[in-house]
Amino acid sequence: AEQLRILPIGAMTENRNIISEARQLIARGKLEEAWEALDRAPAPSSNRNRDGSLREARLECCAALQRWDEGAAVADALLHDGFKKRAVARFHCEYARHRLEMGDRSRALWELGIAVQTDEQMRGVILESEDLSEILGLV
């Protein structure tokens, strides 16, 4: 079994700074740079996706870069640890949009189902969103 290592305070502060930098890069559309910034974060283990806030930022990058398989793994890890349900639900909504663009309406519906199961409040977000409600056939 993998042992968890506690990060020293300086590393936790560095992680917060890196996450902030990555989110700013995402907002500016510099997605690959954001990904690289997250890779620089000190990790409590060899798995950089272990920290909840790092994983949430990584999940945002996965959706923006359309790295769906990796994003699904990060989302599962977040849910398994009980973190960031809203972030996971948003990821599944973004994946649903992508699947609809690819012509896979049934998979898009599946992803919306996962989003609502993950965070019941996403039901309202989906119904208020024109493209997401289109997947449900409401538009």
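1. Start at Gly-71: leaving aside its neighbours within four places in sequence, it is in contact with Leu-59, Cys-62 and Phe-91, where contact means heavy atoms within 4.5 Å. Gly-71 is found in helix 4. Gly-71 is buried, with a relative accessible area of 0%; here buried means under 20% relative accessible area, exposed over 50%, and partly exposed in between, with a 1.4 Å probe and protein chains only. From Gly-71 to Val-88 there are 17 residues in sequence and 9.1 Å in space, C-alpha to C-alpha.

2. A word on what you are looking at. This is a predicted model, in which local features need pLDDT of at least 70 and side-chain atom pairs count only at pLDDT 80 or more, while totals for chains, interfaces and linings use all residues. Residues are numbered from 1 along each chain as its sequence is written, and side-chain values use heavy atoms, with hydrogens and water left out.

3. How far to trust it? The chain averages a pLDDT of 83, and 83% of the residues score at least 70; pLDDT is the predictor's confidence in each residue, from 0 to 100. Over residues 1-9 the pLDDT stays under 50, and the model has 11 contacts for them beyond four places in sequence. Residues 45-49 also have a pLDDT below 50, with 12 contacts in the model beyond near neighbours in sequence. Where pLDDT is low, the predicted coordinates should not be read in detail.

4. The overall layout is quick to describe: the chain has 8 helices and 0 strands. Helices (H or I, at least four residues) and strands (E, at least two) are DSSP runs, numbered from the N terminus. Of the 139 residues in the chain, 42% are buried. Among contacts with a separation of 6 or more, 53% are between residues 24 or more positions apart.

5. Which residues have the most contacts inside the largest nonpolar core? They are Ala-34, Leu-38, Leu-59, Cys-61 and Phe-91, in a core of 25 residues. A nonpolar core is a set of buried Ala, Val, Leu, Ile, Met, Phe, Trp, Tyr and Cys residues joined through side-chain atoms within 4.5 Å. Two or more residues each come from helix 1 (9-27), helix 2, helix 3 (52-65), helix 4 (68-80) and helix 5 (85-101). Helix 3 gives the largest share, 6 residues. Apart from this core lies another, of 11 residues, including Ala-108, Ala-115, Val-116 and Met-122.

6. Now helix 2 (residues 31-39), where Leu-31, Ala-34, Trp-35, Ala-37 and Leu-38 are buried. Seen down the axis of helix 2, these buried residues fall within an arc of 160 degrees, so they line one face of the helix; the arc is that of the directions from the helix axis to the C-beta atoms. Not counting residues up to four places away in sequence, Ala-34 touches Ala-22, Leu-25, Ile-26 and Cys-61.

7. After helix 5 comes Gly-103, with a positive phi near 85 degrees.

8. Helix 6 (residues 105-118) passes the length check too: its 14 residues should span 20 Å at 1.5 Å a residue, and its end C-alpha atoms are 20 Å apart. Its buried residues include Ala-108, Glu-111, Leu-112 and Thr-118. The buried residues of helix 6 pack against helix 4, helix 5, helix 7 (122-128) and helix 8 (130-135).

9. What about the cysteines? The count comes to 0 disulfides, a disulfide being a pair of cysteine sulfur atoms within 2.5 Å. For Cys-62, the nearest cysteine sulfur, that of Cys-61, is 7.1 Å away. Cys-62 is buried at a relative accessible area of 0%, and Cys-93 is buried at 3%.

10. Most residues other than glycine have a negative phi. Gln-66 is partly exposed, with a relative accessible area of 44%.

Technical notes. The expected span of a helix is 1.5 Å times one less than its number of residues.
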